[in-house]
Amino acid sequence: MAHFEDPPRPVPVDPVAPMVAKEGKKKIDWAHVGRRALWVLVLVVLAWLLVLLLAAFLPRWWAQVIGNAVDGSFSAGAWWGLMIGAVFTGLPVAAAAQAVLPGRGPRIRATWLVVALVLAIPNLLTLAVVLGTNEAAHAGERILDVDAPAFRGGTAWGAVLGAVLAIAVVVLGALYRRRGRRLRELQKQHPKA
């Protein structure tokens with residue numbers, strides 16, 4: 001009879017194996033550490049260049065978008081500012097509140113925080129125009145002064161209004177959920193006969 005042997009099984013690859021010596025002591029693979037450090041450095045430099053590029057472009061672009069929408073009207077500037085300030089402050093506050101609810105995992109929390117950040121972009125762009133110190137921010141301020149009067153003031157008032165409304169909704173929602181839990185507890189303690 002022929003005797004068949006099992007084929008050799010592949011040896012599992014341990015990602016820490018290059019760093020562990022045979023005696024059980026950790027040995028650092030400096031080439032691996034150097035490659036990782038180089039990749040981190042490249043990513044940091046690319047992120048910094050992207051921030052510089054966006055800082056030179058976005059404030060002026062945002063001011064032109066708003067200026068085209070308002071078209072020099074004082075009342076339209078106040079209205080657009082109020083709406084953008086309220087909506088894009090209230091929604092991020094509500095999304096961020098979802099991230100702090102109990103029983104959420106880290107990925108769900110991070111997702112809600114990213115959603116909140118994305119929803120806040122219009123107000124962050126307005127802040128970049130108002131608080132920015134570069135040429136694009138100064139150009140954006142001039143554009144808003146001429147083409148979108150009252151937009152910045154309307155945005156500030158809208159942001160306050162949106163934050164107050166969102167916080168009120170979040171607090172009322174939390175109180176409603178707590179009331180529901182208490183009612184369920186009472187029903188468990190005193191079931192109907």
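Me: Where do Phe-57 and Trp-61 lie, and how many residues apart are they?

Reply: In this predicted model, Phe-57 and Trp-61 are both part of helix H1, and they are four residues apart, which is about one turn of the helix.

Me: Why is the pair of Phe-57 and Trp-61 called stacked?

Reply: Two rings pair if their centres lie within 6.5 Å, and planes under 30 degrees apart count as stacked. The ring centres of Phe-57 and Trp-61 are 6.4 Å apart and their planes stand at 20°, so the pair is stacked.

Me: What makes the pair of Trp-61 and Trp-62 tilted?

Reply: Here the centres of the rings are 6.2 Å apart, and the planes of Trp-61 and Trp-62 stand at 45°. Because stacked needs planes under 30 degrees apart and edge-to-face needs over 60, with the rest counted as tilted, the pair of Trp-61 and Trp-62 is tilted. The structure holds two aromatic pairs, and Phe-57, Trp-61 and Trp-62 form one aromatic cluster.

Me: How do you know whether Phe-57, Trp-61 and Trp-62 are buried or partly exposed?

Reply: Buried means under 20% relative accessible area and exposed means over 50%, with partly exposed in between. Phe-57 has a relative accessible area of 45%, so Phe-57 is partly exposed, and Trp-61, at 37% relative accessibility, likewise counts as partly exposed. Trp-62 has a relative accessible area of 9%, and therefore Trp-62 is buried.

Me: Why is helix H1 called roughly parallel to helix H5?

Reply: Helix H1, residues 30–70, and helix H5, residues 135–147, pack at an angle of about 5°, and their axes are 7 Å apart. Angles under 35 degrees count as roughly parallel, which is why H1 is described as roughly parallel to H5.

Me: Which residues meet where H1 packs against H5, and what classes do they belong to?

Reply: On the side of H1 the contact includes Ala-55, Ala-56, Pro-59 and Arg-60, while on the side of H5 it includes Glu-135, Ala-136, Ile-143 and Asp-147. By class, eleven residues of the contact between H1 and H5 are nonpolar, three are polar and three are charged.

Me: What makes the contact between Asp-145 and Arg-152 a salt bridge?

Reply: The closest N and O atoms of Asp-145 and Arg-152 are 2.1 Å apart, and the cut-off for a side-chain nitrogen of Lys or Arg and a carboxyl oxygen of Asp or Glu is within 4 Å. The structure holds one salt bridge. Asp-145 is partly exposed, with a relative accessible area of 45%, and Arg-152 is also partly exposed, with a relative accessible area of 27%.

Me: How do you know whether Asn-123 is buried or exposed, and what does this residue touch?

Reply: Asn-123 has its place in helix H4, residues 121–131. The relative accessibility of Asn-123 is 10%, and because buried means under 20%, Asn-123 counts as buried. Leaving aside residues up to four places away in sequence, Asn-123 touches Ile-84, Gly-85, Phe-88, Thr-89 and Thr-155.

Me: How many helices and strands are there in the chain, and what share of residues counts as buried?

Reply: The chain has six helices and zero strands, and of its 193 residues, 21% count as buried. Among contacts between residues at least 6 apart in sequence, 67% join residues at least 24 apart.

Key: Residues are numbered from 1 along each chain as its sequence is written. This is a predicted model: local features need pLDDT of at least 70, side-chain atom pairs count only at pLDDT 80 or more; totals for chains, interfaces and linings use all residues. Side-chain values use heavy atoms; hydrogens and water are left out. Axes are lines fitted to C-alpha atoms, for helices over the stretch in contact, and angles run from 0 to 180 degrees between N-to-C directions. Helices (H or I, at least four residues) and strands (E, at least two) are DSSP runs, numbered from the N terminus. Angles under 35 degrees count as roughly parallel, over 145 as roughly antiparallel, 65 to 115 as roughly perpendicular and the rest as oblique. Contact means heavy atoms within 4.5 Å. Ala, Val, Leu, Ile, Met, Phe, Trp, Tyr, Cys and Pro count as nonpolar, Asp, Glu, Lys and Arg as charged, and the others, Gly among them, as polar. Buried means under 20% relative accessible area, exposed over 50%, partly exposed in between (1.4 Å probe, protein chains only). Rings of Phe, Tyr and Trp (its six-membered ring) pair if their centres lie within 6.5 Å; planes under 30 degrees apart count as stacked, over 60 as edge-to-face and the rest as tilted.
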